[in-house]
Amino acid sequence: MIDNNCEFILSHFKGQEFIYPRSIMTSKTNGQVFVENKKEILKYFTSAHNIDCRINGYPQFNDIDKSPPSPTFIFIDLDLPLCSVCKYPLGKLDYILDQTLKKIKTEINGHPTVLWTGGGYHIYQPIKIVADDGKKQTLNDFKEIKDYTPYIKNDLTTEFIRFAEKYLTNSRGDPRHSPSVNSCLIRIPETVNSKCSETVKIIEAWNGIEAIANSITLPFIEHLEQLKSEFENLKDRNNKINSNESKSRINWIEKLLATPIGDHRYYCLWHILIPYLLNIKKLSKLDVIEVITQWLDKCSKIETVKWRYPERIEEQLKYDKGYPPISLENLKKENFELYRLIGN
């Protein structure tokens, strides 16, 4: 029985460039392992007593160019716990399944396999993307898609199958489900799902025909356009933040704050540090007191500050009129000794 069901699942991959090597996983493998034929698959499944047996919906990357395969398989997960707040959770899940199957039929004329896993439904739909002459295409054949690759975190195929799941379910699938070409692990009928101690059952079997998924490419391009827009908006925000930080930083004063000095501390207090920290860096008064106090503590180790500076800082803050600190050029004219001290 497991042999027949394994063959049934492998039939979903008949349109792929090659079947093996392909990863599988069981309750005993401690992660994915690669196999070269069905005999090896059955050996692993038997060793695990048919518990948590899964096969990757995509073969291993091409060893020559390391490029991911084209989208050939869509995996949709409809999770029963997502409907737990409903009065009739299974009825709600069945409704979502019905709506999803209708959309698959309408959008790509698909008739997928549906499995009951004990915790929800799995939908397996083999697909292909074709040119006008009927030959298969890759996503990279679409120039408008290829141009968006700098803006996605995943490979194009992974991005596509994740988008397709959300698109075909109207975003009602399991939000935690993120299949990729490396981890599109699907279950085998009549094996056991240990999460709920149930046997996986076939509800519907696919019709053996790869659905033509070209109609999904246009909304996918719109999705990529959105990713590009979000990327550029984030980049603009980061540039503005960096620009603002640059504008709010005066290097020679930052150097002064990092350098204890033995003289001119009170002059620094009201001419430089308070105006800088309060009016340029926009720190709170408490933070200004803390920063200057720490600086004066270090200065006292060189030459003791003879005035009670926490109180003096607080007092000086009351007289601040919102003016910027003295410029380095004016400091040179007004207090050349301090200017030279800072320079050294």
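This note goes through helix packing, cysteines, selected residues and backbone geometry in a predicted model.

1. **Ground rules.** The model is predicted, so local features need pLDDT of at least 70 and side-chain atom pairs count only at pLDDT 80 or more, while totals for chains, interfaces and linings use all residues. Residues are numbered from 1 along each chain as its sequence is written, and side-chain values use heavy atoms, with hydrogens and water left out.

2. **Helices α1 and α2.** Helix α1 covers residues 2–10 and helix α2 covers residues 38–47. Helices here are DSSP runs of H or I with at least four residues, strands are runs of E with at least two, and both are numbered from the N terminus. The axes of α1 and α2 come within 11 Å and cross at roughly 125°. Axes are lines fitted to C-alpha atoms, for helices over the stretch in contact, and angles run from 0 to 180 degrees between N-to-C directions. (Under 35 degrees is roughly parallel, over 145 roughly antiparallel, 65 to 115 roughly perpendicular, and the rest oblique.) The crossing of α1 and α2 is right-handed. (Right-handed means that the near helix is turned clockwise from the far one by less than a right angle; anticlockwise is left-handed.)

3. **Who touches whom in α1 and α2.** From α1 come I2, D3, C6, E7 and L10; from α2 come K38, I41, L42 and F45. Contact means heavy atoms within 4.5 Å. By class, this contact has six nonpolar, no polar and three charged residues. (Ala, Val, Leu, Ile, Met, Phe, Trp, Tyr, Cys and Pro count as nonpolar; Asp, Glu, Lys and Arg as charged; the others, Gly among them, as polar.)

4. **Helices α8 and α10.** Helix α8 (residues 265–280) packs against helix α10 (residues 309–318) at an angle of about 60°. Their axes are 11 Å apart. This crossing is right-handed. On the α8 side, Y266, L269, W270, I274 and L278 make the contact; on the α10 side, R312, I313, Q316 and L317 do. The residues divide into seven nonpolar, one polar and one charged.

5. C299 is in no disulfide either; the nearest cysteine sulfur, that of C268, is 7.7 Å away. C196 is partly exposed, at 28% relative accessible area, whereas C299 is buried, at 0%. (Buried is under 20% relative accessible area, exposed over 50%, partly exposed in between, with a 1.4 Å probe and protein chains only.)

6. **H12.** Look in the loop between α1 and β1 (22–25) for H12. Is H12 buried or exposed? With 2% relative accessibility, H12 counts as buried. Leaving aside neighbours within four places in sequence, H12 is in contact with F73, T113, Y124, P126 and W206. H12 and P126 are 114 residues apart along the chain, but their C-alpha atoms are separated by 5.9 Å.

7. **Two threonines.** T72 sits in the loop between β3 (54–56) and β4 (73–79). T72 is buried, at 13% relative accessibility. Beyond four places in sequence, T72 contacts Q16, Y58, Q125, P126 and I127. T293 belongs to helix α9 (residues 285–300). T293 is buried too, with a relative accessible area of 18%. Setting aside neighbours within four places, T293 is in contact with Y309 and I313.

8. **K135.** This lysine is in the loop between β6 (120–128) and α4 (143–146). K135 is exposed, with a relative accessible area of 59%. K135 touches I129 and V130, not counting residues up to four places away in sequence.

9. **Backbone geometry to check.** A cis peptide bond joins Y20 and P21, with omega about 0°. P21 lies in the loop between α1 and β1. N109 is not a glycine, yet has a positive phi of about 55°; N109 is in the loop between α3 (89–108) and β5 (113–116). S197 is not a glycine and has a positive phi of about 55°. S197 lies in the loop between β8 (192–193) and β9 (198–199), and counts as exposed at 64% relative accessibility.

Conventions. A disulfide is a pair of cysteine sulfur atoms within 2.5 Å.
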